[in-house]
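Work through the following exercises on a single protein model. Each task is followed by a solution in steps.

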Amino acid sequence: MSIGEALATKRQDAGLTVTQVSERTRIRETVIRAIEHDDFGLCGGNFYARGHVRSIARVIGMDAEPLVREYDDTHGGAPQAVSLAVAFEPETPVRFRERRSPNWSAAMAVALILVLIYGVVHAFGSDGQPHKSIRADQASRVVTPKPVPSPAPATSAPVAMASRKQVTVRVDARRASWLNVRDGNGRQLFSGLIRSGASKEWSAKKRIGILIGNGGGVRLTVNGKDLGAPGSDGQVLRLSFGLGDPQTA
């Protein structure tokens, strides 16, 4: 029996519909139906496919590990471990822009000229005669611009579909594991041992890279989506997540 057939049969035995499984796993119904027909093309890659299989199996009360091993055997094997030397090598060099100090003298000179012109124009009318003085409260109303009301937020799309502004990665340790976490600029967010039962969470603007010393000892939650254990016990993994990950969340 294939992976998809096993999941579909167990779901039916549990008395659950595809819609109910989708609500509990936060995986789209179209993706679940495709997996039950052994089509993993909508998962967005092997890593996410393993996470979907684990999430679905957990909801319907099925042991996911034999299915994940079968998936690895069928689709080219589990992720390869990487050495620490390769893992710490930055993906792209960090470039720093040289900041130039602003030319405050030129800016102040321009501002002074504008103030003088403004004063001359408002001191004399078009006929060359000085304007009559006005009360201070009238002057404040003339000079102070009216605040422009902010446009009402669009309501056509639900709040859940708004574009994310940060990447969030959470790690829950089932067994002790060594972690190294960096943001998209290579800045280190965490480095050390996370003990069994502990949880940690990090956020960054565009991307988070994480090196895991024990892929089977932790559970990952990326942008609110539970991906389960990313690897096997003792496996060293190097992963990277952006604003759009996971693709089917």
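The exercises below go from the whole chain to one helix and then to individual side-chain pairs.

The model is predicted: local features need pLDDT of at least 70, side-chain atom pairs count only at pLDDT 80 or more, and totals for chains, interfaces and linings use all residues. Residues are numbered from 1 along each chain as its sequence is written, and side-chain values use heavy atoms, with hydrogens and water left out.

**Exercise 1.** Describe the protein chain by its secondary structure, burial and contacts.

Step 1. Helices (H or I, at least four residues) and strands (E, at least two) are taken as DSSP runs, numbered from the N terminus. The protein chain has eight helices and eight strands.

Step 2. A residue is buried under 20% relative accessible area, exposed over 50%, and partly exposed in between (1.4 Å probe, protein chains only). By this cut-off, 33% of the 249 residues of the protein chain are buried.

Step 3. A contact means heavy atoms within 4.5 Å. Among contacts in the protein chain with a separation of 6 or more, 61% come from residues 24 or more positions apart.

**Exercise 2.** Which residues of helix 3 are buried, and what covers them?

Step 1. Helix 3 spans residues 29-36, and its buried residues are Val31, Ile32, Ala34, Ile35 and Glu36.

Step 2. Their cover includes helix 1 (3-13), helix 2 (18-25) and helix 4 (46-60).

Step 3. After helix 3 comes aspartate 38, with a positive phi near 60°.

**Exercise 3.** How many salt bridges does a search of the whole structure find? Examine some of the pairs.

Step 1. A salt bridge is a side-chain nitrogen of Lys or Arg within 4 Å of a carboxyl oxygen of Asp or Glu. The search of the whole structure finds ten.

Step 2. One of the pairs is arginine 11 with glutamate 36, whose closest N and O atoms are 2.6 Å apart. Arginine 11 lies in helix 1 and glutamate 36 in helix 3, so the pair ties together parts 25 residues apart in sequence. Both residues are buried.

Step 3. Arginine 54 and glutamate 65 also form a salt bridge, at 3.5 Å from N to O. This pair links helix 4 to helix 5 (residues 65-74), across eleven residues. Arginine 54 is buried at 8% relative accessible area, while glutamate 65 is partly exposed at 35%.

Step 4. In the salt bridge of aspartate 183 with arginine 187, the closest N and O atoms are 3.2 Å apart. Aspartate 183 is buried at 13% relative accessibility, whereas arginine 187 is exposed at 53%.

Step 5. Arg58, Arg219 and Asp226 are joined in a network of salt bridges.
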